[in-house]
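Here is a short briefing on one structure.

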Amino acid sequence: AKEYNHEVKGPVSFLHFQVKRLVALAHDPERQQQVLAETIARADELVPQMEEALKKIADPDFAKHFEPVDLSQLIASQDPRFFTLEAHVVFGGKAFLRTLLRNLYQNAVDACGERTLVQTSLTRGTNCTVLTMTNPFTPGADLDTSQLFTTGYTTKPKGTGLGLSLARHIAELHHGTLEARYLPDDGVFVATVSFPDQGGHSVVT
C-alpha cells in the first residue's frame with residue numbers, strides 16, 4: 001500500500017507549503033487573504049481525491065480494480081475538440097486516469113491561456129499507447145525544468161505545485177511514464193505519457 005501514499009502525501013505537502021506561505025505573508029494581510037482563499041478552494045478539490053486514494057491504499061491489491069479504459073473517450077470529455085476514429089484502450093483506474101488528464105489540461109491552459117491552443121494526440125508506440133499534449137509556452141526566468149515534477153514547485157502566482165507531480169505518479173501507478181519538456185525553438189511545452197501494454201489490455205480498435 002505504501003506505493004500509493006503519494007496520493008495522500010501530495011495534498012498534505014501542499015497544505016503544509018501553503019501554511020508556510022501564510023505565515024510568511026503576515027506583513028501583507030491583503031495577499032495573505034488571497035492565498036488563504038486559494039488554499040481553501042484547492043483543498044475543496046483535494047479532499048475527494050484524498051478520500052479516493054485512502055480507499056485504494058486500504059486495499060493492497062489496487063490493480064484488481066483496473067479495467068479497460070478508452071483514453072479517447074476520457075480525452076473527449078476534457079476537450080470536446082478531440083476526435084479520433086480509433087479507440088485507444090488501456091488497462092487502469094478510470095478515476096485516476098481522469099485526474100491525470102484533468103491535471104495535464106489545467107497545466108497547459110494555465111500556461112497558454114486558452115484550451116483551444118492545446119493540441120492532444122494519441123498514437124501507438126512500441127508495445128504502448130502514447131498520449132502527447134502540446135501547448136504554446138513562454139517560460140519565465142525562474143523556470144527550473146528539473147523541478148517540474150517536484151511536489152510544491154510552481155512558477156504560477158496561484159499555482160499549487162501539485163498538478164504535474166500527481167499526474168506523473170498516476171502514470172507510474174499504471175506502470176507508465178510522464179515526461180515534459182520545453183522546446184525553445186518551437187516555443188512549446190510538450191507533455192508525453194506512455195502506457196505500456198499489460199497482458200494485451202492496451203490496444204487500438
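**Hairpin**

In the hairpin of strand 3 and strand 4, two residues lie between the strands, and asparagine 127 takes a positive phi near 60 degrees. Strands here are DSSP runs (E, at least two residues) and helices are DSSP runs (H or I, at least four), numbered from the N terminus. This is a predicted model, in which local features need pLDDT of at least 70, side-chain atom pairs count only at pLDDT 80 or more, and totals for chains, interfaces and linings use all residues. Residues are numbered from 1 along each chain as its sequence is written, and side-chain values use heavy atoms, leaving out hydrogens and water.

- Strand 3 (residues 119–125) and strand 4 (residues 128–136) run antiparallel, joined by seven bridges. Pairing requires at least two DSSP bridges between two strands.
- Threonine 120 has methionine 133 in strand 4 as its bridge partner.

**Helix pair**

- Helix 3 (residues 71–78) packs against helix 4 (residues 94–112) at an angle of about 45 degrees, and their axes are 10 Å apart. Axes are lines fitted to C-alpha atoms over the stretch in contact, with angles from 0 to 180 degrees between N-to-C directions.
- The two helices, helix 3 and helix 4, are therefore oblique to each other. Oblique covers what is left after roughly parallel (under 35 degrees), roughly antiparallel (over 145) and roughly perpendicular (65 to 115).

**Cysteines**

- The disulfide count is zero, where a disulfide is a pair of cysteine sulfur atoms within 2.5 Å.
- Cysteine 112 counts as buried at 18% relative accessibility. Buried means under 20% relative accessible area, with a 1.4 Å probe and protein chains only; exposed is over 50%, partly exposed in between.
- Cysteine 128, at 11% relative accessibility, also counts as buried.
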